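These are my notebook entries on one structure. I set down what I looked up, topic by topic.

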Amino acid sequence: MNTEFSTIILAGGKGMRMGGQDKGLVAYQGRPLIHRSVRLARQCSDAIIISANRNVTQYKTFADVVIQDSLPNYGGPLFGIQACTCSVLTDYTLIIACDLPNLTTRFVRPLQKALLDGTPQLDAVVYRHDGFLQCGLIAIKTAALASIDSELKAGQRSVKRWLESLSLLVLDSDDALAFTNFNTPNNFTAASKR
């Protein structure tokens, strides 16, 4: 556990590709999908905050703090992160999407170390795989979360663009499986057959 970090778990989406199901609560290997993110967060941080816009009572069984977006109708992950920011009491924050069940500490700890060991100017660390930033796992200085406000005021809702506006360190990864997100019922079915 790293007491310098809190974790925000993003579970506030509409689940459009899941037929409207609340993805974090869909069963995977006998437990709700979010269970894996919570277990990972407990290994790497001191506090867990879940961003969720429905089934709040169920999500409260996984974390002490569950925060809904300030904007109705599911504004997207930047709104979820922004809403959770006021509940972060540590200097550093992990942000984990609930639909990445293959993430392990093997991926989280290098991000944490790089952020802690980085220059004072460094805001955040993220992976890149196959040329794309993997925005479902971020290690960031909590103070840098305040920059989301100006992004949203400007109508900018992309996590990738927000990260690129920061002092960002990018680590390359060749592990495609780690960043496979579960967005459709087929993802769950295929994974259960492995």
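**Entry 1**

I began with Asp-22, which counts as buried at 9% relative accessibility; I take buried as under 20% relative accessible area, exposed as over 50% and partly exposed as in between, with a 1.4 Å probe and protein chains only. The model is predicted, so local features need pLDDT of at least 70 and side-chain atom pairs count only at pLDDT 80 or more, while totals for chains, interfaces and linings use all residues. Residues are numbered from 1 along each chain as its sequence is written, and side-chain values use heavy atoms, with hydrogens and water left out.

I next looked for the partner of Asp-22 and found a salt bridge to the side chain of Arg-54, at 4.0 Å from N to O. A salt bridge here is a side-chain nitrogen of Lys or Arg within 4 Å of a carboxyl oxygen of Asp or Glu. Asp-22 lies in the loop between strand 1 (5-10) and strand 2 (27-28), and Arg-54 in the loop between strand 4 (47-51) and helix 2 (56-59), so the pair ties together parts that are 32 residues apart in sequence. Helices (H or I, at least four residues) and strands (E, at least two) are DSSP runs, numbered from the N terminus. Arg-54 is partly exposed, with a relative accessible area of 21%.

**Entry 2: Other salt bridges**

I searched the whole structure and recorded six salt bridges. One of them joins the side chains of Asp-99 and Lys-23, at 2.9 Å from N to O. Asp-99 sits in the loop between strand 6 (92-97) and helix 4 (105-117), and Lys-23 in the loop between strand 1 and strand 2, so this pair ties together parts that are 76 residues apart in sequence. I noted that both Asp-99 and Lys-23 are buried.

I also recorded a salt bridge between Asp-172 and Arg-128, whose closest N and O atoms are 2.8 Å apart. Asp-172 belongs to strand 9 (residues 168-172) and Arg-128 to strand 7 (residues 124-129), so distant parts of the chain, 44 residues apart, are linked. Asp-172 is exposed at 56% relative accessible area, whereas Arg-128 is partly exposed at 30%.

**Entry 3: Strand 7**

I then asked how strand 7 is placed. Five of its six residues are buried, so strand 7 is largely enclosed by the rest of the structure. Strand 7 pairs with strand 8 in the antiparallel sense over six bridges; pairing requires that DSSP find at least two bridges between two strands. His-129 stands opposite Phe-132 in strand 8. The two strands form a hairpin with two residues between them, and Asp-130 in the turn has a positive phi of about 55 degrees. With strand 9, strand 7 pairs in the parallel sense over five bridges, and Tyr-127 stands opposite Leu-171 there.

**Entry 4: Nonpolar core**

I looked up the largest nonpolar core, which has 24 residues; Ile-81, Ile-95, Ile-138, Ile-140, Trp-162 and Leu-163 touch the most other members. Such a core is a set of buried Ala, Val, Leu, Ile, Met, Phe, Trp, Tyr and Cys residues joined through side-chain atoms within 4.5 Å. Helix 3 gives the most to this core, with five residues.

**Entry 5: Cysteines**

I found zero disulfides, a disulfide being a pair of cysteine sulfur atoms within 2.5 Å. For Cys-84, the nearest cysteine sulfur is that of Cys-86, 7.8 Å away. Cys-84 is buried at 0% relative accessible area, whereas Cys-135 is partly exposed at 22%.
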